[in-house]
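Hello! Here is the structure I promised to pass on to you. Have a look at it first, and then read my notes on its charged side chains below.

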Amino acid sequence: MSGESSPPRPDVHLAYARPDAGLARAVHRFLSKAGARVSYPDRAANEGRAWLGAADGWARRSQAHIVLLTDRTPPGWQRAEFDFSARSRARNPKLQTIPLVRAGYTAGDFDEVLDRFDAIHLPEDQGQLEVRLRELVERISAPSGLPAMPSHEATHPYPWLRPYGVNEGRIFFGRDREVDEAVARLGVQPDGTRRRWLRIGGPPGA
């Protein structure tokens, strides 16, 4: 009998808009068969739990937040979901956000947000679809999860007006407390108001 223990099952939070429920169920079945523990809205409803509270708990313990995007995804929903993912990463640094994009989806002015993530694109062809979903399983099962970092020589530490990408985590570090405080100022505030953006001023490289 081997003394080696099997790797732990990754916890995955699958997020989708109601019009995309059919595809989300197929993705859920694939991930579950691959050994992942998948949480998604239908499970909360079946267990009689409030969706928002359940989602917050799932995001705190998950390795991956998978956001399903199709040609039927409402623009307002996708922005709210990525805002939620950003706040969740402030509390759970190991959480990686993975957009799962089906053929036919048009990002529009949202493409600048998607550029920060290494999205997985789902083709219409069923055979290629399973290939992409296996790629997704490899991503969430990898110890690091995030894309490999570029070499130090190839990366300038200050991108000026360009935002840092998810593959530049090695050079974007420190000020964790300040980052957490800034993220806490976004979204719903204690007085019930909602803040959608936060302006931070300073010279380049500060």
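Asp11 is buried, as its relative accessible area is 15%; buried means under 20%, exposed over 50%, and partly exposed in between (1.4 Å probe, protein chains only). Arg37, at 37%, is partly exposed. The side chains of Asp11 and Arg37 meet in a salt bridge, 2.9 Å from N to O. By salt bridge I mean a side-chain nitrogen of Lys or Arg within 4 Å of a carboxyl oxygen of Asp or Glu. This pair links distant parts of the chain, 26 residues apart: Asp11 sits in strand β1 (residues 11-15) and Arg37 in strand β2 (residues 37-39). Helices (H or I, at least four residues) and strands (E, at least two) are DSSP runs, numbered from the N terminus.

Please keep in mind that this is a predicted model, where local features need pLDDT of at least 70 and side-chain atom pairs count only at pLDDT 80 or more, while totals for chains, interfaces and linings use all residues. Residues are numbered from 1 along each chain as its sequence is written, and side-chain values use heavy atoms, leaving out hydrogens and water.

How many salt bridges are there by this rule? The count comes to four. Another of them joins Arg102 to Asp71, with 3.1 Å between the closest N and O atoms. Here, too, distant parts of the chain are linked: Arg102 is in strand β4 (residues 96-102), and Asp71 lies 31 residues away in the loop between β3 (64-69) and α4 (75-91).

Glu135 and Arg132 also form a salt bridge (3.2 Å, N to O). They are about one helical turn apart, because three residues separate their positions in helix α6 (residues 126-141).

Happy exploring!
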